[in-house]
Amino acid sequence: MDENLMMIWQKCLQFMRDNLNAAEDNSDLKKLEKSFDLLFDKVQPISLVDNNLTLMVPSDFYKEYIEDNYLSLLSAALKKNIGKGVKLWYSVMENKPVGLEKPVTMNMKGKTVPTPKVQETMPQGFSSNIVNPFVVPGIKKVNIDSNLKSDFSFENYVEGESNKFAATVARSIAKRPGATAFNPLFLYGGYGVGKTHLGQAVGLEVKSQFPDKVVLYLSSEKFIQQFISAAKAHKQTEFANFYQMVDVLIIDDIQFLSGKSATQDSFFHIFDYLHQNGKQIILTSDKAPADIMDIQDRIVSRFKWGLSAEIKSPDLETRKKIIEDKLSRDGIVLTEDMLDFLAAEAKTNVRELIGVINSVIAYSTIYKSDLSLELLKDTINKIAANQKKVINIPFIQEVVCDYFGIKREQLLSKTRKREIALPRQLAMYFAKEFTNATFTKIGEEMGGKDHSTVMYACETIKDVSKIDKEVKKYVKELTERIKH
């Protein structure tokens, strides 16, 4: 460590220690000093370049605690011993992998520091003299369509036991985007449980509280399409630089980056740039980070930097709240027995629930009928009859491919990579479970596989799902998707 830097830091510590009693209401100076020493004993200065001071801290907790309790005192110490305009950065240590002597770190900007106009270390693969074609000369930021829906606000988000934790974290992020330990926020759960709504709610609240911040929501499919178009036009740099302008980036269904290595590379560098510059990242997925197949380990590692929050299917009481909230906005009131019936019928997810509600409202309006329990039952029966699906092998293949984020051509290929072989075996297993097809027929539909291969796949899934929690989870969730 630089001896001069260490000397400066010791002077800063002494200044803060000398002024503890003045900065705190608590008169017990010994307790204050002990708490102070325990905290700052594990904080080390690692660099001071162009008035940018970087402190290494053991965890996010230390960063948050320093900023919440000692920021004004630390700022005064830095001003006295270094000068005006000191920019504070943190290098947060992660869990150190076995065998590594040096700690693994990630850099985070301090509260007191505006993001430097020029990034000191450009992400690998980016030019240091990028010209952004989206920026009008003389204007720092341009208006970007955030792609947010006004209906997806916090006010319209119904909380329950299944989503309370995720919603609480999301509200916290909306107050301090990019400045909490929850970056990225990784929301995961089944289809239609409210992941998109919650992600967009953060974006809407940020736009309301911080009008100057650039917020962008898009699906991973859109991100992939944009990258492919940019690559074909040899404009990958412009593509990356556009996303570096964003203050809050919300990407839906991030699991669909699976298998797309070039897009993953670009996303990795964009992620790193945004994270290092204190920008907020929110991602949604139908699977937890560790369960996403065929995605780079370094990206999965970054998914885990912040917080992963699961949103489960709403319980009965939450479904009732959703129904009441939705109908009250349309001026419709239901009796308690009607609410109970509707909530009991729509068990899978919020999206199904809203679909049923809209159908009931439409039916009542068209036929000018007063809502009654009998009308609800009749409408539900008609919906069920119209939506009944034929479960066949192509349909099972579609569900499995969608779940794992892979293409049908990959599923039917001969590759033995686990990220493809396991979904293929699951598709064969479900084909046998849900259809009357023979092993030979299933093999033909699965890319010309031998009937013995299908038999082996079915037996393997049966046996492995009894002892492997991951496979057991796949079987359970895919069974629900195929049935519904």
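How many aromatic pairs does the count come to? The count comes to 20 aromatic pairs, where rings of Phe, Tyr and Trp (its six-membered ring) pair if their centres lie within 6.5 Å.

Before you start clicking: this is a predicted model, where local features need pLDDT of at least 70 and side-chain atom pairs count only at pLDDT 80 or more, while totals for chains, interfaces and linings use all residues. Residues are numbered from 1 along each chain as its sequence is written, and side-chain values use heavy atoms, with hydrogens and water left out.

Select F186, Y188, F223, F227, F239, F242, Y243, F267, F271, F303 and W305 to see one aromatic cluster.

Next, show helix 8 (residues 220-232) and helix 9 (residues 236-243), which pack at about 145° with their axes 7 Å apart. Here helices are DSSP runs of H or I, at least four residues, numbered from the N terminus; axes are lines fitted to C-alpha atoms over the stretch in contact, and angles run from 0 to 180 degrees between N-to-C directions. Helix 8 brings F223, Q226, F227, A230 and A231 to the contact (heavy atoms within 4.5 Å), and helix 9 brings Q236, F239 and Y243.

Now pick K287 and Y403: K287 lies over the face of Y403, 4.5 Å from the ring centre. Then move to K377, whose charged end sits over the ring of F341, 5.9 Å from its centre. A charge counts as over a ring if NZ of Lys or CZ of Arg is within 6 Å of the ring centre and within 35 degrees of the ring normal.

Methods. Rings of Phe, Tyr and Trp (its six-membered ring) pair if their centres lie within 6.5 Å; planes under 30 degrees apart count as stacked, over 60 as edge-to-face and the rest as tilted. Helices (H or I, at least four residues) and strands (E, at least two) are DSSP runs, numbered from the N terminus.
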